[in-house]
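Colleague: I would like to learn how to read a model like this one, feature by feature. Where do we start?

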Amino acid sequence: MNYNEVIFESDCLALMNCFKDGKPPCPWEIKAIVDDIRSWTKTRRWSFIWCSREIKRVAHGLAEFCADRNFVFQAGWLPPAVEVLVSKDLNRS
């Protein structure tokens, strides 16, 4: 697959800073991976965005739901716990 335009979001500010400007320096354990990804961004339109954990609560709820299951997504269906979070987000707007 060739993903040329991607937005990566994370609530880990230190990691997002590694991708944006490399400051502060990345931990050595992940430096090689971060360097590879940064080199790929030179030929792609990839963005790295920090967002608070509160904003990502739907994604967090979905990950939590799937963590202990062998879960396969089906079009048009959300796990009930995630559906509640999506509904809350929609009502905030």
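Modeller: With burial. A residue counts as buried when its relative accessible area is under 20%, and as exposed over 50%. Keep in mind that this is a predicted model.

Colleague: Is W46 buried or exposed, and why?

Modeller: W46 has a relative accessibility of 17%, so W46 counts as buried. W40 is at 41%, so W40 is partly exposed.

Colleague: Which residues make up the largest nonpolar core?

Modeller: Nine residues form it: V6, M16, C18, F19, C26, V34, I37, W46 and F48. The most come from α1, which gives three residues.

Colleague: What does V34 touch, leaving aside neighbours within four places in sequence?

Modeller: V34 is in contact with L15, C18, F19 and C26.

Colleague: Now the rings. How is an aromatic pair described?

Modeller: By two values: the distance of the ring centres and the angle of the planes.

Colleague: How many aromatic pairs are found in the whole structure?

Modeller: Four. One of them is F8 with F48: the centres are 5.1 Å apart and the planes lie at 10°, so this pair is stacked. F8 belongs to strand β1 and F48 to strand β2, so the pair ties together parts that are 40 residues apart in sequence.

Colleague: What is the geometry of the W40 and W46 rings?

Modeller: Their centres are 6.3 Å apart and their planes meet at 85°, so that pair is edge-to-face.

Colleague: Which residues do the ring pairs link into a cluster?

Modeller: F8, F19, W40, W46 and F48.

Colleague: On to charges. How many salt bridges are there?

Modeller: Two. The cut-off is 4 Å between a side-chain nitrogen of Lys or Arg and a carboxyl oxygen of Asp or Glu. R45 and E5 form a salt bridge with the closest N and O atoms 3.9 Å apart. This pair links distant parts of the chain: R45 is in strand β2, E5 is in strand β1 (residues 5–10), and 40 residues separate them. R45 is exposed, and so is E5.

Colleague: Where do K31 and D35 lie?

Modeller: Both are in helix α2, four residues apart, about one turn of the helix. K31 is partly exposed, with a relative accessible area of 41%. D35 is partly exposed too, at 35% relative accessibility.

Colleague: Let us finish with W50. Where is W50 found?

Modeller: In strand β2 (residues 45–50). W50 is partly exposed, at a relative accessible area of 41%.

Colleague: Which residues does W50 touch, not counting those up to four places away in sequence?

Modeller: S10, D11, C12, L13 and M16. The W50 side chain also reaches the backbone oxygen of D11 at 3.1 Å.

Colleague: What separates the C-alpha atoms of W50 and L15?

Modeller: A distance of 8.8 Å, although the two residues are 35 residues apart along the chain.

Definitions and conventions
Residues numbered from 1 in each chain as written. Predicted model: local features only at pLDDT ≥ 70, side-chain atom pairs only at ≥ 80, totals over all residues. Heavy atoms only, no water. Helix = DSSP H or I, 4+ residues; strand = E, 2+ residues; numbered from the N terminus. Buried < 20%, exposed > 50% of the residue type's maximum accessible area, 1.4 Å probe, protein only. Contact = heavy atoms within 4.5 Å. Polar contact = N/O pair within 3.5 Å; in protein donor to acceptor, adjacent residues only side chain to side chain. Core = buried A, V, L, I, M, F, W, Y, C linked by side-chain atoms within 4.5 Å. Phe/Tyr/Trp six-rings, centres within 6.5 Å; stacked < 30°, edge-to-face > 60°.
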